[in-house]
Amino acid sequence: MAISADLVDSSLTIQGRRKNEMTTLCEMLGIEYPIFQGAMARIATADIASAVSNAGGLGIIASGGMTADQLRAEIQKCKTMTDKPFAVNLMLMMKNCPELVDVVIEEGVKVVTTGAGTPKPFMPKFKEAGIKVIPVVASVKHAQKMEALGADAIVAEGTEAGGHVGETTTMCLVPQVVSAVNIPVLGAGGVGDGRGVVAMYAMGAQGIQVGTLFLSAEECPVPATFKQAVLDADDTATIVTGRRNGAPVRSIKNKMLAKFQELENNNASRDELEELSLGSLSKAVFEGDVENGSVMAGQITGMVRDIRPAKEIIETLFKDAEAIAASLKIAY
């Protein structure tokens with residue numbers, strides 16, 4: 001018995017359509033490709049967001065660490081760089097989140113992704129403003145809660161992803177979330193080429209979210225040393241720190257993180273760990289210090305080998321995925 005490309009294509013296409021559904025993810029959001037650019041803290045500004053949106057995906061501005069004025073400036077800048085849809089990511093644990101929500105609404109942004117908390121307090125405002133709300137989740141339970149709140153779609157992100165992560169792997173998480181909710185699901189964590197795209201669709205996702213690949217985009221506003229660290233990394237280059245304190249983060253291992261891991265394994269106090277890592281993301285993103293800074297990246301770093309425009313990254317992903325789907329024959 002075999003699963004052929006015809007069977008795969010009969011239920012979906014790589015462009016994000018389940019053929020019997022009234023509305024696809026792309027139609028819902030007004031985008032060409034069912035791909036979100038990950039909301040990389042301090043990195044995902046108007047520069048990369050507009051490039052991804054212009055290429056047909058959904059660019060996302062990461063508001064984490066921004067003031068309301070800074071977010072407004074990034075949104076307005078993005079509007080001058082693209083006339084396509086783009087989103088804002090909200091880290092809901094931030095104390096100024098209510099102000100950021102007001103900015104998003106006032107500036108007419110029509111899609112928000114959320115993380116690090118619940119969007120429940122803001123859902124009435126979002127709905128009244130006609131904003132699509134798409135939380136990023138790391139568990140089935142969280143996905144179900146978000147659907148009950150009125151989320152329009154879900155990003156199910158496995159532990160392979162860079163930055164803040166959960167415990168469950170992408171291959172285990174995505175199909176379970178797909179089975180547990182009735183809204184569209186995007187898969188995230190571990191997509192490095194067209195094979196990863198096809199795998200996400202095989203697990204029931206209608207689209208993907210990609211972060212690490214876009215670190216290598218020409219338009220990504222990080223120093224050359226940061227990009228080179230990603231290009232030089234192999235499949236075992238990343239580690240997760242912070243699990244003991246309940247805030248696990250995946251980054252490329254370096255001198256600072258090796259020391260952090262040593263302290264963590266020796267039950268160092270929270271204060272000791274914070275003293276070592278304070279400002280580490282800014283050191284990497286703004287100063288290009290990849291030894292004492294935090295270079296957040298996913299486990300697909302070993303697949304990232306060149307710097308390309310965001311448009312080429314997206315088109316290659318889906319072109320390769322279509323070719324794989326068209327030729328796919330799995331015997332079992």
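These legends accompany close-up views of a predicted model. Local features need pLDDT of at least 70 and side-chain atom pairs pLDDT 80 or more, while totals for chains, interfaces and linings use all residues. Residues are numbered from 1 along each chain as its sequence is written, and side-chain values use heavy atoms, leaving out hydrogens and water.

**View 1. An open sheet of 8 strands with parallel pairing.** The strand order is S2-S10-S9-S7-S6-S5-S4-S3; strands are DSSP runs of E with at least two residues, helices runs of H or I with at least four, and pairing takes at least two DSSP bridges. Strands S2 (35-37) and S3 (59-62) each have a single partner strand, so one side of each lacks a neighbour in the sheet.

**View 2. Helices H4 and H5 on the sheet.** Helix H4 (residues 68-81) lies across S3 and S4, at about 165° to S4. Helix H5 (residues 97-106) touches S4 and strand S5 (111-115), making about 170° with S4. Contact means heavy atoms within 4.5 Å; angles run from 0 to 180 degrees between N-to-C directions of axes fitted to C-alpha atoms, for helices over the stretch in contact.

**View 3. A salt bridge between Arg-72 and Glu-106.** Their closest N and O atoms are 2.7 Å apart, where a salt bridge needs a Lys or Arg side-chain nitrogen within 4 Å of an Asp or Glu carboxyl oxygen. Arg-72 lies in H4 and Glu-106 in H5, so the pair ties together parts 34 residues apart in sequence.

**View 4. A salt bridge between Glu-107 and Lys-79.** The N to O distance is 3.0 Å. Glu-107 is buried at 12% relative accessible area, whereas Lys-79 is partly exposed at 38% (buried is under 20%, exposed over 50%, partly exposed in between, with a 1.4 Å probe and protein chains only).
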